[in-house]
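User: I would like a close look at one helix and at what surrounds it. Please keep it brisk.
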Amino acid sequence: MHELRKDILLGRWVAVLSESKLPSEYPKIPFEEPVEENCVFCEGRENETPSEITSIRKAGTSPNTAGWWIRDLPSFNPVFRVEGELGRRGVGIYDKMNSIGANEIIVESPYHDKRPEDMGLEQMIRLVKMYRDRISDLEKDTRLRYILIYKDSGRCAGQQYTHPLTFLMATPVIPKVVKDELDNAKQYFAYKERCIFCDIINEELRTGERIVYETKNFIAFCPFAAQFPFEIWIIPRRHSCSFTEITVEETEDFGLILMTVLKKLRQVLNEPPFNYFIHTAPNMVPRRNHWHTLGEDFHWHLEIIPRIIRTSGFEWGSGLYILPTSPENAAKFLREVG
Ligand SMILES: [Zn+2]
Ligand SMILES: [Zn+2]
Ligand SMILES: [Zn+2]
């Protein structure tokens, strides 16, 4: 018998099939990186990109020249722009506003063919520091409500360039997916006086069957009612609502667990297309009173979504997803490699 499971955070049901598919049974979705013969993200072509916002570079090198490890650039075709007013207004019964915000591109590696996880821990730590610094910096802009760090890997995961990149999108509204998590975590806290994420961590450590990898400060696990097969969450053991609160030690540890988990995923599923994103607290500066419980009830995390199945009208129409591999089996495959 197949099984329905309820996601405790979002209240969403998923169907877990009883006979778990092996990783090798998924049709291979070609990774299909876009062909890029003329990549301006590579080291040595700094003058062909928009001027960098910031970078982590070798001592003695100047901005917009070679010698960097990580570069942060404004997007070439931004949907959100920094200049201007929010201009909130109503049109009939509808609401509108200007697309104030920021789109940035974090170049993860100076080398076209070398991903940060293949360059070693030092590079991963630099990347994590860049994520933290960009969120901290953009949070000073009180017009911005949310800063989302995300990655697209593989064409069917939305990847546009071959060079290893992470994207940042700062928006004047809190995205719906994040708002649902915030609202439901708040409700759970009001009822139980405990953080729902801390409860999930305790439960996952208690059973252990969905744990993929553990470090001193983080755990990686396949969620009990994941939306996609081989979905993985990485979450700090210490209760903390904002990624910007990450300590120096945690930064190193987060680099380690992210690197390890990405390598495991690539090994188990043979270079799958995937997305990842960080869910951190919204920008609390503009509406401090609105978020007075957030420090207690929200807990930042990173979600990795392999794009190995295609969604049908059933998923779109119902919001009920089917997991051909159970989270327990997915975690087992991931634990066993690497
Ligand atoms: Zn390149
Ligand atoms: Zn917590
Ligand atoms: Zn989340």
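What should the 22 residues of H5 span at 1.5 Å a residue, and how far apart are its end C-alpha atoms?

Analyst: The model is predicted: local features need pLDDT of at least 70, side-chain atom pairs count only at pLDDT 80 or more, and totals for chains, interfaces and linings use all residues. Residues are numbered from 1 along each chain as its sequence is written, while chains are lettered from A and ligands numbered from 1 in the order in which they are written.

H5 should span 32 Å, and its end C-alpha atoms are 32 Å apart, so the two values agree. The expected span is 1.5 Å times one less than the number of residues. Helices (H or I, at least four residues) and strands (E, at least two) are DSSP runs, numbered from the N terminus. Just after H5, Asn 270 takes a positive phi of about 60°.

Buried means 20 or more other C-beta atoms within 10 Å, exposed 12 or fewer, partly exposed in between, with C-beta atoms placed from the backbone.

Pairing takes at least two DSSP bridges. Asp 152 stands opposite Asn 275 of E13. Strand E8 (146-153) is mostly covered, with 6 of its 8 residues buried. E8 also runs antiparallel to E9 (165-171), again joined by 5 bridges. There, Leu 148 has Met 169 as its bridge partner.

Now an exposed site. Glu 193 lies in the loop between H3 (176-192) and H4 (196-207). Glu 193 counts as exposed because it has 9 C-beta neighbours inside 10 Å. Asp 297 is 104 residues from Glu 193 in sequence, yet their C-alpha atoms are 8.5 Å apart.

There is also an open sheet of 3 strands, ordered E1-E2-E15 with mixed pairing. Its edge strands are E1 (3-6) and E15 (321-323), each pairing on one side only. E1 runs antiparallel to E2 (13-16) over 4 bridges, and Leu 4 stands opposite Ala 15 in E2.
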